[in-house]
Amino acid sequence: MTDMILILTQVLRVLSPVFIGAVVIWCAVSLLREKKLDYIYATLVDEGSGICFPVRYLECSLGRSASCDILLELPTVSRVEAVLRHTKEGFRVFRLGKGEIAIGGKPVRASGLLKDGDTLTVGGLSFSFSINDRVETGVVAKRRGSFLMLLLLSVYELLTGYVAIAGVKEELVPSCAMAVLLLVLSQWGYFLYAKLKMHQIGLEFEIGAFTLCGIGICNLITAGGSGVITQMVAYLIGLVGYCVVLWFCGDTDRTTKYRYLASAAALVLFALNLALGSVRGGSKNWIVIGSFQFQPSELVKMLFIFAGAATLERLLSNRNLLLFLVFSTACIGSLFLMGDFGTAVIFFVTFMVIAYMRSGDIRAIALILAVAVLGALLIINFKPYIVNRFETWGHAFDFADDRGYQQSRTLVAVASGGLIGTGIGVGRLRYVVASTTDLVFGMVAEQWGMIVGVLILSFFAVLCCYAIKMRKGAKSAFYAITACASAALLLFQATLNTFGALDVLPFTGVTLPFISRGGSSMISSFALLAFIKTLSPSLYSKRRRVAHENDL
Amino acid sequence: MKTISKRFFALLAVLALFVGCLATFLVKFAVEADAWVAFPGNGHLYSGGVLKNSGAIFDRTGRVLKYGSEDGGGYNDSEEIRRATLHVVGDKTGAIATGAQTIFGSKLSNYNIFTGVYGLDGSTNGTDATDLYLTVDAEIERAAYKALGNRKGAVAVYNYKTGELLCLVSTPTFDPENPPEISDDDPKWDGVYLNRATNGLFAPGSIFKIITSAAALEYIPDIEEREFTCTGSYEIGPDKVTCPNKHGTLDFKKAMSVSCNCTYAQIALELGGDKLQKVAERAGYNSAISYGPKSFATSKVDAKSASGSLLAWAGIGQHTDLQNPAHMAVILGAIANGGRAKNPYLLERTERGGVSESGKSSGELDMFSSGVAEKLQEMLRYNVEHNYGSGRFAGLTVGAKSGTAEVGGDKENHAWFAGYVEEESCPVAFAVVVENGGAGSSVAGDVAGKVVTACKKALA
C-alpha cells in the first residue's frame with residue numbers, strides 16, 4: 001500500500017504542473033477571449049436631423065463633454081446633462097445639468113422613466129427613444145471546456161487528497177477524507193446549479209477558485225489534518241455567499257440602497273473588534289466567541305468596497321470624496337490600532353483604487369499617497385516592532401534565528417522544492433509557525449513546486465487582466481468600482497502575502513486568498529470574486545438561454 | 001461609462017507591482033536557491049546542523065578527513081589532523097558554519113533547480129552518497145596547527161598556479177571526536193567556531209605596505225630612484241608617525257625591507273587617498289572573493305575619506321584597515337603570478353557512484369599590472385635576503401613581508417607574516433597571523449617557516 005503512495009507522490013510531482021497548468025491556462029485563455037457584447041440596447045434618434053445615437057452601455061452619460069457616452073455638441077447642452085441608466089423598471093434618466101429635460105413633454109426634476117417610444121427633449125432637441133428588442137446575434141466566443149476541466153480537477157483533487165491523507169494521523173483520516181469528497185461533490189453541485197438553473201456559459205472563475213481551494217485544503221491536510229472540516233464549512237459558506245452576492249448585484253437599485261448600511265456595518269464591526277478583540281499572533285484582529293473565531297476585517301473588505309462604490313449619476317453630481325475619505329481613515333485607523341499593519345496597507349491600496357475610480361483625479365490621489373507615506377514613516381519611527389520588520393526585510397538569513405526565522409525557512413523550503421516540488425506530504429515548512437496562513441505559499445511551492453506556485457499567483461493576475469479587458473461591460477459605474485477594487489485587492493493581497501514570506505517585500509500577517517487557512521478569509525475572497533464576475537456579459541443576460549441553448 | 005472604464009487602468013499599477021516582485025524573486029531563485037538549500041536549518045538535508053546521507057570528505061591526496069554520517073560519522077585517526085582540519089571539515093553538531101559538510105550541502109544532495117533536493121526516486125541523494133575531495137593537504141594543515149601551538153591565529157596557504165587552497169587552519173580549535181565543554185565567555189575559546197583563515201579580520205599593520213608599495217610603483221614614476229630620510233618620527237600636523245629606530249637615509253627598496261613607517265606615511269600622503277583606495281580595491285579589498293559557495297570575509301580599506309595623519313596610518317596598515325588572512329595569501333599569490341591570481345577554490349571534486357564532477361572554478365582575479373608585480377617580487381625577495389633570512393625556508397627562494405599590527409588598549413600586537421615561494425614544484429603563497437602574538441617576523445615568520453617546509457615536503 002505504502003509503495004503505491006510513494007510512487008503516486010513521485011508521479012504527482014511531475015503531473016501537478018501539467019494538471020494545474022492546464023486548468024489555469026484554460027481559465028486565462030477562456031476569460032481573456034471573452035468579448036464584451038457589442039450590443040446596442042436602445043437608440044435615440046434626433047427628430048430634427050435624423051441622426052441616430054446608439055445607447056451602447058447600460059449606463060451612459062449624456063452631454064457636451066468629450067468624455068460623455070452620448071455626445072451632443074450643442075451650446076445649449078451642459079457638459080454633463082444627464083445619465084441614462086438601465087434599471088429593473090427600464091431605462092431611467094437622471095438629470096445632472098442645469099438645462100431642461102423633458103420626457104414626452106413633461107419636465108424631469110431629478111429623474112424620470114424613459115419608455116420605448118418616448119420623446120426625450122434635451123437642450124432644445126427632441127429625440128425619439130426606442131429599445132432594441134432583437135435577439136443577440138453578436139459573436140460570442142464559444143465557451144467550452146468547463147465540464148472537461150472540472151472532471152480533470154476532480155480527478156486531481158481525489159489523487160492528491162489520497163496521497164495527503166496517507167500521511168495523516170489515524171483519528172483524523174475520516175474527517176479529511178470526508179472533506180475531500182465534500183470538496184469534489186460541492187463543485188459538481190455548483191456546476192449543475194450554474195448550468196441548469198442559472199444557464200451560465202463559462203465557469204472559469206469558479207473552476208479557478210475551486211482549483212485554489214482544492215490545493216489549499218490538500219495543503220491543510222499535509223500540515224496535519226486538523227481544522228480541515230472548519231475550512232470546508234467556510235468554503236461552502238463562501239460558495240453560497242458567492243451565489244448570494246451575484247444574485248444581490250443583479251439589481252443596481254437594490255445594491256445602491258444598501259450602501260450606507262454597509263458603511264455602518266463596517267464601522268460597527270471594527271468598533272466591536274477594538275473593544276472585544278483578542279490578540280492572535282501579534283495583532284488584535286480576531287473576535288473569539290466560544291470555540292468560534294473570526295476576523296472582522298476580512299468581512300469588512302467586502303463592505304468597504306461596497307460603501308465606496310457609487311452609480312454614475314451620483315459620481316458626477318457629487319464629486320466630493322470627503323465622506324469616503326473620513327470613512328476610510330476610520331477603517332484604516334482601526335486596523336493600525338489593532339496592530340494589523342498588513343491589512344491596513346491592503347485597505348489603503350483598495351481605498352486608493354476606489355478614490356481614483358470615483359474621481360479620476362490623479363493629483364489628489366498622489367497628494368493623499370504622499371501624506372499617507374509621511375504619516376506611515378512617522379509611525380514607523382515610533383513603533384520599534386515595525387522598525388524591526390524593515391530591518392529584516394531583504395536580509396532574512398542575517399536574522400535567521402529570530403526575526404527572519406519565518407522568511408528564511410520559507411526560502412529554504414521553496415528552494416528545496418525546486419520547480420516540481422518535494423512531493424505532497426514531504427514538506428517540512430509545516431512545522432514553522434503560521435505555515436498554513438502567512439507562509440502558505442511557501443508550503444505549496446515546497447510540495448507542489450514553483451511552477452504550480454507561479455500558476456496560482458497568475459490566477460489573481462488573470463482576474464485583473466480580465467477586469468481591464470471587460471471594463472466596458474459593467475452594468476453601472478457602481479459595478480465597475482466594485483469589480484476593479486476587488487481585483488486590485490485580491491492581487492495586492494496575494495502579492496503582499498507571497499512576497500512578504502519570500503522576503504521580497506516586508507513580512508506582514510495577511511492571508512493568501514482561497515488557499516490560506518482561515519474561514520473569514522475564504523468567505524470574503526469568494527465575495528470579492530463575485531464582484532469581479534459581475535463584469536461578465538454572460539451573467540444577467542435575458543436572452544442567454546435562447547442564444548446559447550446549444551452550448552454547454 | 002467611458003470615463004469610468006478608462007480608470008480601470010489603475011489596475012496596471014497593481015499588476016506592475018506583482019510582476020516586478022515576481023521577476024525579482026524568480027531571478028533570486030535561479031541564482032541563490034542552491035545556497036538557500038544548504039542552510040543548516042533545512043530539515044530535508046540536515047539533522048541537527050549536520051548533513052544527513054553525506055559521503056566522506058578527503059584531502060587532496062585522498063586521506064580521509066571525515067567519513068559517513070551515521071551518528072555523526074567519524075574523523076581521521078590522527079588527533080593532530082583532526083584538530084588542524086576541524087574548521088575546514090566541520091564538527092559533528094554543525095556549529096562550525098563554514099565546514100565543508102555544511103557549505104557544500106547542495107553538492108552533497110541531489111539538488112538541482114528542476115527537482116529540488118529530492119530526486120525522482122524520492123530520496124535526497126540517490127543510492128550513492130557523494131564524497132567530497134578538498135584541496136587542503138592534511139600534512140600542511142598539521143604542520144600549521146603545530147606551529148601555531150596554543151596561540152590564537154590563522155594560517156592560509158594558496159597554490160598560485162592552480163588556485164587550490166592548500167591550508168586553512170584556525171586556532172583555537174578542538175578535537176571533534178572529543179569536543180570539550182565550551183562556555184560562551186571563556187576567553188580561551190574566543191571565536192573557536194570561526195574559521196579565522198577564511199572569515200577572520202585583523203588589523204594588517206605593515207603587511208599593508210605591500211599595497212602602498214604597489215600604489216607607489218603604479219602612480220609615482222620615480223619612486224625607485226627617490227631618497228627618503230627617516231628621523232624616527234614624521235610629523236603630520238599635531239600627530240606624528242613613528243618608527244622604532246631612526247632609519248636615516250634610505251631608498252624605496254630599503255624602506256620596505258626595514259618597514260619604515262615614516263617613509264610609507266610620506267608615500268601615502270603623496271599618493272592621496274583616492275589612488276591608494278583604487279589600488280587596494282583592484283587587489284580585492286572591499287569586495288567578496290569567493291572560494292566556492294562562500295566568500296572570504298571582506299578585507300576593508302577606507303583611504304578615500306581619510307586625509308592627513310589618518311591617511312598616513314591607513315597607508316601603513318592601521319586606521320580602519322582590516323585584513324582577511326586567506327585574502328592576503330591570494331594577494332601574495334597574485335604578485336607571484338605576474339599580477340593575476342587564479343580564483344581560489346576549496347572543493348577539488350565530488351564523486352558519486354563513480355561519477356566525478358569538478359569543483360574548480362576557472363578564471364582569474366586581475367590584481368596588479370605585471371610590471372608592478374615583478375617589482376614587488378624583487379622587493380619581497382630582497383626583504384627575505386636582507387632582513388628575515390632565507391634559512392628558515394628549507395632552501396627555497398621566498399619573497400615575504402612581516403607586519404606588527406597595533407591593536408590598541410593594552411593588548412599585544414598582531415604578528416603577521418605573508419609571502420610566496422618561487423619554485424616550480426612548490427608554487428605557494430602563504431599568510432600567517434598570530435593574534436596578539438607580538439613581533440611579526442619572529443613570531444609569525446617562525447610559523448611561516450615551518451609551514452613552507454611542510455609545503456615543500458607535501459608537494460615534492
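Where is the place of B:Pro172 in chain B? B:Pro172 sits in the loop between β8 (165-171) and α6 (196-199) of chain B. Helices (H or I, at least four residues) and strands (E, at least two) are DSSP runs, numbered from the N terminus. A cis peptide bond joins B:Pro172 to B:Thr171, with omega about 10 degrees.

This is a predicted model, in which local features need pLDDT of at least 70 and side-chain atom pairs count only at pLDDT 80 or more, while totals for chains, interfaces and linings use all residues. Residues are numbered from 1 along each chain as its sequence is written, chains are lettered from A and ligands numbered from 1 in the order in which they are written, and side-chain values use heavy atoms, with hydrogens and water left out.

Now look at how the two chains meet. In chain A, 62 residues are in contact with 42 residues of chain B; contact means heavy atoms within 4.5 Å. About 4400 Å² is buried between chain A and chain B, and carbon and sulfur atoms give 77% of that area. Buried area is the accessible area (1.4 Å probe) that two parts lose on being put together, summed over both. On the chain A side, A:Ser416, A:Ile468 and A:Arg471 lose the most area to chain B, together 12% of what that side buries.

Next, take one helix. Helix α11 of chain A covers residues 341-359. Its 19 residues should span 27 Å at 1.5 Å a residue, and its end C-alpha atoms are 26 Å apart, which agrees. The expected span is 1.5 Å times one less than the number of residues. Of the 19 residues in α11(A), 17 are buried. Buried means under 20% relative accessible area, exposed over 50%, and partly exposed in between (1.4 Å probe, protein chains only). After α11(A) comes A:Gly360, with a positive phi near 70 degrees.

A:Ala434 has phi near 70 degrees and lies in the loop between α14 (405-417) and α15 (440-448) of chain A. A:Asp503 has phi near 65 degrees, in the loop between α17 (477-501) and α18 (519-533) of chain A. A:Asp503 is buried, because its relative accessible area is 4%. By contrast, A:Glu73 is exposed, because its relative accessibility is 68%.

What about the aromatic rings? Over all chains, the count is 46 aromatic pairs. Rings of Phe, Tyr and Trp (its six-membered ring) pair if their centres lie within 6.5 Å; planes under 30 degrees apart count as stacked, over 60 as edge-to-face and the rest as tilted. A:Phe205 and A:Tyr466 have ring centres 5.1 Å apart and planes at 85 degrees, so this pair is edge-to-face. A:Phe205 lies in helix α4 (residues 204-222) and A:Tyr466 in helix α16 (residues 450-469) of chain A, so the pair ties together parts 261 residues apart in sequence. B:Tyr291 and B:Phe296 also have centres 5.1 Å apart, but their planes are at 15 degrees, so that pair is stacked.
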